[in-house]
Amino acid sequence: MTILAFTLLVGCGAFLAGLLGSLTGLGGGIVIVPLLTLGFGVDLRYAVGTSLVSVIATSSGAAAAYVREGYSNVRIGMLLEVGTVTGALLGAYASGVLSPNVIAVVFGLVLLFTAFQSLQQRTERLAAASSPLARRLRLPSWYPTPAGHRHYEVRNVGLGAALMFVAGALSALLGIGSGVVKVLAMDRAMHLPFKVSTTTSNFMIGVTAAASAGVYLSRGWIDPVLALPVVLGVLAGALVGARILSRAPVRPLRVLFTSVAVVLAAEMLWKGVRGAF
Amino acid sequence: MHAPDEDPDDVRMHHLLGNLLRWGVLLSAAVTLAGGVFLLAARGGSPVAYGAFRGEPGALTSVAGIVRGALALRSDAVVQLGVILLLATPIARVVFSLVAFLRQRDLPFVLMTLFVLAVLVFSLAFGGRA
């Protein structure tokens with residue numbers, strides 16, 4: 001295949017990934033690595049490096065709007081980034097010594113978990129009072145709702161930060177945003193409202209991904225010919241997705257995206273177990 | 001859109017932060033696209049080979065090398081400069097937060113932000129060689 005044909009095909013795939021990712025709220029990053037490795041036979045290391053760069057693009061673009069509107073809790077984001085960047089740096093070094101087959105198997109498992117999680121009903125568990133640590137760090141805050149501003153409390157700061165370490169390590173190892181682990185930590189452990197946990201998670205993804213992408217760039221895992229269609233494709237898809245979100249049939253799309261994720265996960269697992277990477 | 005008891009300084013900071021992220025992404029996308037057009041014009045007909053991992057040539061793996069290449073108008077280095085600008089966007093965001101926490105004299109958050117900034121700078125400057 002020529003570079004031109006490759007760029008156009010990968011660009012279309014990345015556009016679809018970005019579009020579906022933004023419409024379903026699952027992020028496009030998680031299907032980029034399977035798209036490149038299974039669909040185009042790209043080496044896993046190049047795929048992980050390229051995918052991370054596209055994750056920074058979409059999360060920074062989306063975070064720009066959320067921060068301005070006052071949904072993201074910048075203090076909580078900054079605090080938890082201490083955990084994610086530490087995990088990301090360790091994950092980046094781990095990926096240098098682990099076999100690509102091991103990484104592929106972990107990828108398949110995380111992808112399955114993401115698909116499973118996306119079909120679950122999310123339940124909001126707001127806390128009545130904040131923990132002393134959360135109060136001392138001034139983490140409790142307000143967020144906008146149609147009925148005016150609502151106050152929320154924050155708990156389990158330490159557990160949240162520990163889970164964020166795991167999220168950071170997975171992000172680096174797999175080239176994904178790990179939004180699913182981040183949201184879990186903030187919904188379940190820290191009892192944040194959905195809007196706050198989703199948008200704060202998004203706010204943190206850029207910094208988390210940059211911590212490992214720097215390592216990958218200097219290790220030679222990020223190639224311009226791959227980065228070009230993936231970054232621009234995913235970004236364009238996410239922008240279009242944000243425009244048509246209010247008119248799109250979100251539920252069927254979510255089922256479609258989840259089914260695609262399950263098929264890709266199965267193939268990553270199968271090829272990884274056979275040692276085909 | 002903001003809470004009644006919120007510091008107007010915070011509200012202004014959130015607006016600046018949002019703009020910083022938006023312009024960082026737009027600038028990076030524009031540079032990537034410009035480099036990409038020239039890259040495809042020059043090398044579009046060559047075959048691709050990413051099935052085997054070789055790693056990038058040294059000039060495309062460091063900030064200094066990429067900036068030098070981009071100044072010499074090498075198309076692959078210009079695309080890579082777009083990638084660097086994308087990596088720099090979250091770093092600029094953290095620097096911005098650091099200034100805000102310093103102004104609020106919020107010592108725990110100043111220390112946390114410094115730590116995050118140190119990891120990001122280390123990763124980009126020495127990451128692959130450490």
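pLDDT is the predictor's confidence in each residue, from 0 to 100. Keep it in mind as you browse these close-ups, since everything shown comes from a predicted model.

View 1. Chain B has a mean pLDDT of 88, with 92% of its residues at 70 or more. Within chain B, confidence is highest in helix 4 (residues 107-126), at a mean of 94, and lowest in helix 1 (residues 8-43), at 89. For the model as a whole, ipTM is 0.91 and pTM is 0.91. A friendly reminder for any view: where pLDDT is low, the predicted coordinates should not be read in detail.

**View 2. The side of chain A that touches chain B.** Here 59 residues of chain A are in contact with 59 residues of chain B. On the chain A side, at least two residues each come from helix 1 (3-24), helix 3 (44-69), helix 4 (74-97), strand 1 (141-145), helix 9 (194-219) and helix 10 (224-244). Helix 3 of chain A gives the most, with 13 residues. Sorted by class, this side of chain A holds 38 nonpolar, 13 polar and 8 charged residues.

**View 3. Helix 3 of chain B crossing helix 4 of chain B.** The axes of helix 3 (residues 75-103) and helix 4 of chain B come within 9 Å and cross at roughly 155 degrees. Angles over 145 degrees count as roughly antiparallel, so helix 3 of chain B is roughly antiparallel to helix 4 of chain B. Their crossing is left-handed. From helix 3 of chain B, the contact draws on Leu87(B), Ile91(B), Val94(B), Val95(B), Ser97(B), Leu98(B), Phe101(B) and Leu102(B). Helix 4 of chain B answers with Phe109(B), Val110(B), Thr113(B), Leu114(B), Val116(B), Leu117(B), Leu120(B) and Leu124(B). By class, this contact has 14 nonpolar and 2 polar residues, and no charged ones.

**View 4. Helix 7 of chain A beside helix 8 of chain A.** Now we move to chain A, where the axes of helix 7 (residues 157-174) and helix 8 (residues 179-189) come within 8 Å and cross at roughly 170 degrees. That angle makes helix 7 of chain A roughly antiparallel to helix 8 of chain A. Look in helix 7 of chain A for Leu159(A), Gly160(A), Leu163(A), Met164(A), Val166(A), Ala167(A) and Leu170(A). They meet Val181(A), Lys182(A), Leu184(A), Ala185(A), Met186(A) and Ala189(A) in helix 8 of chain A. The contact of these two helices of chain A has 11 nonpolar, 1 polar and 1 charged residues.

How values were computed
Residues are numbered from 1 along each chain as its sequence is written. Chains are lettered from A and ligands numbered from 1 in the order in which they are written. This is a predicted model: local features need pLDDT of at least 70, side-chain atom pairs count only at pLDDT 80 or more; totals for chains, interfaces and linings use all residues. Two residues are in contact if their C-beta atoms, placed from the backbone, lie within 7 Å. Helices (H or I, at least four residues) and strands (E, at least two) are DSSP runs, numbered from the N terminus. Ala, Val, Leu, Ile, Met, Phe, Trp, Tyr, Cys and Pro count as nonpolar, Asp, Glu, Lys and Arg as charged, and the others, Gly among them, as polar. Axes are lines fitted to C-alpha atoms, for helices over the stretch in contact, and angles run from 0 to 180 degrees between N-to-C directions. Angles under 35 degrees count as roughly parallel, over 145 as roughly antiparallel, 65 to 115 as roughly perpendicular and the rest as oblique. A crossing is left-handed if the near helix is turned anticlockwise from the far one by less than a right angle, and right-handed if clockwise.
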